[in-house]
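Have a look at the model first, then read on.

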Amino acid sequence: MMLFGIIVCYALPVGGLVLCVRKKKGAGKAFAIGVLTFVISQLLIRIPILQLVLPQFAWFAVLQMNPWAYGLFLGGTAGIFEEVARWIGFRIFLKRQQDFAHGFAFGLGHGGIEAMVLVGLNFIVGLWMMAAGQGALFPADVAGVFLAGGERLYVIAFHVGASLLVLYGIRVRKSLRYLIGAIVLHTVFDAAIVILPYEFGVSTLGVGVYGAVASILTFVVSLLMFRKLECGAEKELISQ
């Protein structure tokens, strides 16, 4: 299961990058910008604020006692920081790389680096502990490790879908509308992960099923929207 998690968190994004680079010029740049948008928006800004700044305020401690408020706060801030970062990445740094392949590579980079840093490192540590005969000290069982690895599969799919959604808005010149839609979608996606277990007693497996369904729907809908857009553009070129 540790190896499964490592494959998901590292081999999947890197393998996807290799395929994207082979098929589309500029995909490597899009992947790198996707990585940077996560690193800057989350690792350098949002997470330090959540862990170092906000605990200094009494209202934040009170907020954490209410699953609805806390879930919506975490989901909303994640949505604002990450989706705005995606929008900036596409609008400023990828002006000439805005087709489906570049959007896909961008989302893969964004979700891939999150998997590598926030989850994959834990799998590497766990594997090292097992090799050293200290596997019993690792704070997760086989099922937990499997669910964590599976979670990264659908979370990466969500990031790809959300990236395509933001890019689609830019392509059809309705970027604000789709940016807001992506923020709302991200908020609901993340907030439910906090609210469902504490307010409705949903199990870890149930939360995983919810996340998988929501991620797949986001990915498929964004894929269909983008494919329809690009097919329409191709037909227009042919008619001309």
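**Helix packing and ring pairs**

H4 and H7 cross in a right-handed manner (left-handed if the near helix is turned anticlockwise from the far one by less than a right angle, right-handed if clockwise). This is a predicted model, where local features need pLDDT of at least 70, side-chain atom pairs count only at pLDDT 80 or more, and totals for chains, interfaces and linings use all residues. Residues are numbered from 1 along each chain as its sequence is written, and side-chain values use heavy atoms, with hydrogens and water left out.

**H4 with H7**
- The axes of helix H4 (residues 67-93) and helix H7 (residues 175-200) come within 7 Å and cross at roughly 150°, so the two are roughly antiparallel (over 145 degrees; under 35 is roughly parallel, 65 to 115 roughly perpendicular, the rest oblique).
- Their contact has 17 nonpolar, seven polar and five charged residues.

**H4 itself**
- With 27 residues, H4 spans 37 Å from first C-alpha to last, close to the 39 Å expected at 1.5 Å a residue (1.5 Å times one less than the number of residues).

**H2 with H5**
- Helix H2 (residues 27-53) packs on H5 at about 45°, with the axes 7 Å apart, and the two are therefore oblique.
- This crossing of H2 and H5 is right-handed.

**Aromatic rings**
- The whole structure holds 15 aromatic pairs (Phe, Tyr and Trp rings, the latter by its six-membered ring, with centres within 6.5 Å; planes under 30 degrees apart are stacked, over 60 edge-to-face, the rest tilted).
- Phe104 and Phe219 have ring centres 6.5 Å apart and planes at 70°, so they pair edge-to-face.
- Phe104 lies in helix H5 (residues 100-131) and Phe219 in helix H8 (residues 204-239), 115 residues apart.

Notes:
Axes are lines fitted to C-alpha atoms, for helices over the stretch in contact, and angles run from 0 to 180 degrees between N-to-C directions. Helices (H or I, at least four residues) and strands (E, at least two) are DSSP runs, numbered from the N terminus. Ala, Val, Leu, Ile, Met, Phe, Trp, Tyr, Cys and Pro count as nonpolar, Asp, Glu, Lys and Arg as charged, and the others, Gly among them, as polar.
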